[in-house]
Amino acid sequence: MAQYILELKNIGKTFSGVNVLRGVNLQFEKGEVHVLLGENGAGKSTLIKIISGYHHPDKGGEIYVEGNRKEFASPKQPKDAGIHTIYQELTLCKDMTVAENIVIDKQERFKGFMLKEKQFREIAAEVLERLGSDISPDAMVRNLSIAEQQIVEIGKALSASAKVIIMDEPTSSISHKDSERLLEIVKQLRDEGVTIIYISHRLQEIAEIADRITILRDGNQIDTVKNESVTEEQLIAMMVGRKIEDAYTKAEVELGEVVLKVENLCSDVFKDISFEVHKGEIFGFGGLVGSKRTEVLETLFGVRPMTGGKIWLFGEGYVPTTPEQAIKKGMAFVTEDRKKTGLVLCLPILDNLSMLNAKRHTKFAGLLDFKGLKRMAQGQREALNIRISTMNLPVQTLSGGNQQKVALGKWLDIKPKIILFDEPTRGIDIGAKAEIYKIMAGLVKEGVSIIMVSSELAELVSVADNILVMNSGLMRGIIGRDEISQELVMSLATTAGI
């Protein structure tokens with residue numbers, strides 16, 4: 001019997017002359033949770049895509065499954081070998097049922113023989129029971145929560161007899177409660193002999209589930225360590241190549257006049273939200289996923305209609321109707337999902353940075369001032385420390401942290417007075433997070449006000465001046481700077497509204 005379920009030897013990958021992976025050698029044992037840890041751009045995604053058959057390793061790289069050499073020419077071949085990948089962007093067919101999704105890979109294994117509806121419902125029900133889930137096999141996937149869809153993805157892999165399941169940031173978009181349930185499933189699968197390759201930036205959950213941890217940095221394999229033999233500080237130092245002191249940068253700013261006042265604001269999904277934001281303040285919104293914090297920001301920005309209440313913006317009455325109106329009033333909105341609503345991924349970095357303020361960079365006869373555009377973009381690049389070789393790269397080629405900086409940079413070009421910042425560090429590594437906090441601190445020192453939604457409690461309590469906590473569309477209270485604690489935020493967030 002082979003010693004390892006999966007083994008990688010001398011895996012390297014070069015794109016356009018740039019080495020993104022250099023000589024990675026890894027062994028994955030049967031029935032272990034093996035975490036891949038590293039900053040965005042460390043090479044984790046490329047390594048996953050090589051294992052999953054989307055990329056081919058450079059010459060000399062070898063992949064072995066249960067001791068047998070494999071050359072994966074397509075994503076189907078790793079699945080046939082028992083390797084299944086659950087990406088951060090889920091790949092389910094949303095207009096099909098749970099049962100149809102779960103057996104879709106199993107159908108291919110029957111070489112033309114199609115399972116009957118009763119058979120695949122039975123298979124799906126058995127898999128869901130194994131996972132301790134009460135999701136109906138007949139439910140339409142589009143009606144499920146993200147956490148439920150992840151369980152369906154796991155069920156899909158199990159129904160096809162997966163020996164190795166790769167999970168890419170599985171808890172980044174789900175609630176704390178759903179994350180705990182998912183981690184229990186991971187432990188269960190490990191105990192059943194399934195190998196889990198797990199990618200996450202959340203060091204606390206890594207400490208809870210990992211058996212071994214491999215740290216990547218700049219395409220290099222730094223080390224592979226046992227979980228119990230390493231501290232969180234040591235992991236951070238290996239990830240970033242240096243110690244991170246005071247990762248949460250909090251600006252000490254004397255708050256100015258009230259720039260935004262909201263009284264009893266209502267929409268179709270929340271009601272009676274009241275708060276004030278001062279010049280130079282970071283005002284936080286806390287609560288569990290689904291508490292409707294994002295929807296408040298959408299209403300302020302004119303994306304979602306307000307159905308009641310009053311708003312004063314810079315001392316004047318304000319009824320948001322469109323994002324264009326909000327932008328003219330001095331607002332910016334860095335959305336939670338930068339890939340769908342924050343950036344145009346296929347366009348160059350230069351185009352993304354300048355798309356909101358093309359008029360300012362227009363000369364006579366409506367012609368664009370390309371030199372002016374490049375000067376502006378270069379200024380944003382330097383100010384935000386965006387690590388790129390050229391402005392002509394498609395923004396989709398950047399790491400998550402650099403994408404987030406571009407998503408923010410496009411707004412800074414219009415010089416906003418209030419920035420709505422939804423999950424500012426979602427899906428980026430600890431080094432990039434520290435840089436985002438420093439950028440936010442610099443903005444409030446310049447008099448910009450920030451309204452921030454965050455699901456990371458440590459981030460929220462460390463960065464915000466005041467925190468409004470929501471639950472199920474209702475306001476549970478505002479916590480002042482001197483009273484802020486993770487325990488108090490969580491207590492209010494889990495308390496049912498009146």
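Me: Hi! How many residues of helix 10 are buried?
Reply: In this predicted model, helix 10 (residues 293–300) is mostly covered, with 8 of its 8 residues buried. Buried means under 20% relative accessible area, exposed means over 50%, and partly exposed is in between (1.4 Å probe, protein chains only). Helices are DSSP runs (H or I, at least four residues), numbered from the N terminus.

Me: Which residues have the most contacts inside the largest nonpolar core?
Reply: They are L260, F275, L300, M331, I419 and I451, in a core of 73 residues. Helix 16 (residues 430–445) gives the largest share of this core, 8 residues. A nonpolar core is a set of buried Ala, Val, Leu, Ile, Met, Phe, Trp, Tyr and Cys residues joined through side-chain atoms within 4.5 Å.

Me: What does L260 touch?
Reply: Leaving out residues up to four places away in sequence, L260 touches F275, E276, V277, L300, I311, W312, L313, M331, I418 and I451. Contact here means heavy atoms within 4.5 Å.

Me: New topic: where is L356?
Reply: L356 sits in the loop between helix 13 (349–354) and helix 14 (370–384). L356 is partly exposed, with a relative accessible area of 30%.

Me: Anything on how to read all this?
Reply: Residues are numbered from 1 along each chain as its sequence is written, and side-chain values use heavy atoms, without hydrogens and water. Because the model is predicted, local features need pLDDT of at least 70 and side-chain atom pairs count only at pLDDT 80 or more, while totals for chains, interfaces and linings use all residues.

Note on methods
Helix = DSSP H or I, 4+ residues; strand = E, 2+ residues; numbered from the N terminus.
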